[in-house]
Amino acid sequence: MTSVEITLVLLSALLHAVWSTSIKASGDPLSFNLLQGGVTLVLGASVLPFIDYAALPSGLWKWLALSCLAHGVYAYWLSRAFEHGDLTLVYPIARSTPAILPLVAVPLLGEHITAGGALGIGVVVAGMWLVQVGARLAWNAFSSPATRFAVLTLASTVAYSLSDKAAMTELAAEPVPGGLPPVLVFYVLMSVGHFVPFVPLVLLHRGARAVAAAARKDLVAASVASLIGFLGYGLILKTLETAPASYVVAVRQTSVLFVLVLGIVRLHERPGRARILGAAVTVVGVALIAWLGK
């Protein structure tokens with residue numbers, strides 16, 4: 001990865017940590033997520049008329065459909081995890097994508113991972129594990145509702161990382177009709193489409209009254225979070241145009257360090273020494289990817 005690509009991903013990591021903290025702090029993560037998604041939907045709807053759909057690459061649509069499904073269930077499962085557990089517990093599990101993504105990105109996308117890059121990814125994964133289970137191997141640490149939903153969130157993150165990478169590769173291969181940036185085209189289509197699975201799940205679990213109550217309380221905060229999320233993931237999509245998905249996802253795990261700080265300062269959580277050490281190990285892994293993953 002180049003220094004520019006790493007900088008973009010690190011900034012995205014910070015924004016994602018702020019975004020996640022705002023969801024956890026809301027008190028009603030599902031409704032809050034629906035509200036902020038609604039803001040993005042309104043903004044995205046203003047762009048839809050300017051997209052020349054017939055001229056988009058034919059290979060884009062299957063990846064877009066998978067991305068919409070994966071992002072929809074991601075938003076649902078992440079919200080459910082935050083309902084049951086601390087931010088500093090749930091987040092590292094949900095962001096442990098480097099443990100799985102290279103296993104599928106290499107055969108499916110044809111990515112090449114250097115030995116140094118693999119070492120960096122392994123260190124990132126070790127940091128994630130240390131944050132979750134501490135210094136001892138504790139399989140029962142994954143038995144709570146919070147961790148189960150976090151693992152489901154992890155699975156959806158792997159899915160959308162792959163589909164988003166494939167979609168951005170399709171869009172970057174040729175100019176997008178109308179002169180719109182490929183990142184904007186994909187983000188708008190995905191943001192609108194992910195509502196198809198997400199809205200029914202929220203209404204089934206929370207109901208319209210809870211969402212209306214959350215709107216009266218948190219609409220402004222959700223609007224701000226929506227803009228933060230838009231910018232943060234836009235940076236990731238831009239990086240995915242040129243950088244291997246395995247490296248991008250691994251570097252983005254520095255968000256775990258930001259989350260630990262925000263969890264302590266804003267949410268008054270008290271992570272133990274093992275979680276703090278795990279966050280530091282994660283940063284070391286990211287540095288190895290930047291140094292050796294070329």
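Biologist: What should I know about the model before reading it?

Modeller: It is predicted: local features need pLDDT of at least 70 and side-chain atom pairs count only at pLDDT 80 or more, while totals for chains, interfaces and linings use all residues. Residues are numbered from 1 along each chain as its sequence is written, and side-chain values use heavy atoms, with hydrogens and water left out.

Biologist: How many helices and strands does the protein have?

Modeller: There are 13 helices and 0 strands. Helices (H or I, at least four residues) and strands (E, at least two) are DSSP runs, numbered from the N terminus. Of the 294 residues, 56% count as buried, where buried means under 20% relative accessible area, exposed over 50% and partly exposed in between (1.4 Å probe, protein chains only).

Biologist: How is a pair of packed helices described?

Modeller: By the angle between the two axes and the distance between them. Axes are lines fitted to C-alpha atoms, for helices over the stretch in contact, and angles run from 0 to 180 degrees between N-to-C directions. Helix α7 (residues 145-172) packs on helix α10 (residues 208-240) at about 60°, with the axes 9 Å apart. That makes α7 oblique to α10; angles under 35 degrees count as roughly parallel, over 145 as roughly antiparallel, 65 to 115 as roughly perpendicular and the rest as oblique.

Biologist: Which residues make the contact of α7 with α10?

Modeller: Y160, D164, K165 and M168 of α7, with Y233, L237 and L240 of α10. Contact means heavy atoms within 4.5 Å. By class, this contact has 5 nonpolar, no polar and 2 charged residues. Ala, Val, Leu, Ile, Met, Phe, Trp, Tyr, Cys and Pro count as nonpolar, Asp, Glu, Lys and Arg as charged, and the others, Gly among them, as polar.

Biologist: At what angle do the axes of α4 and α7 cross?

Modeller: The axes of helix α4 (residues 87-94) and α7 cross at roughly 35° and come within 7 Å. In α4, V90, I93 and A94 meet residues of α7 including A150, V151 and L154. The classes here are 7 nonpolar, 3 polar and no charged residues.
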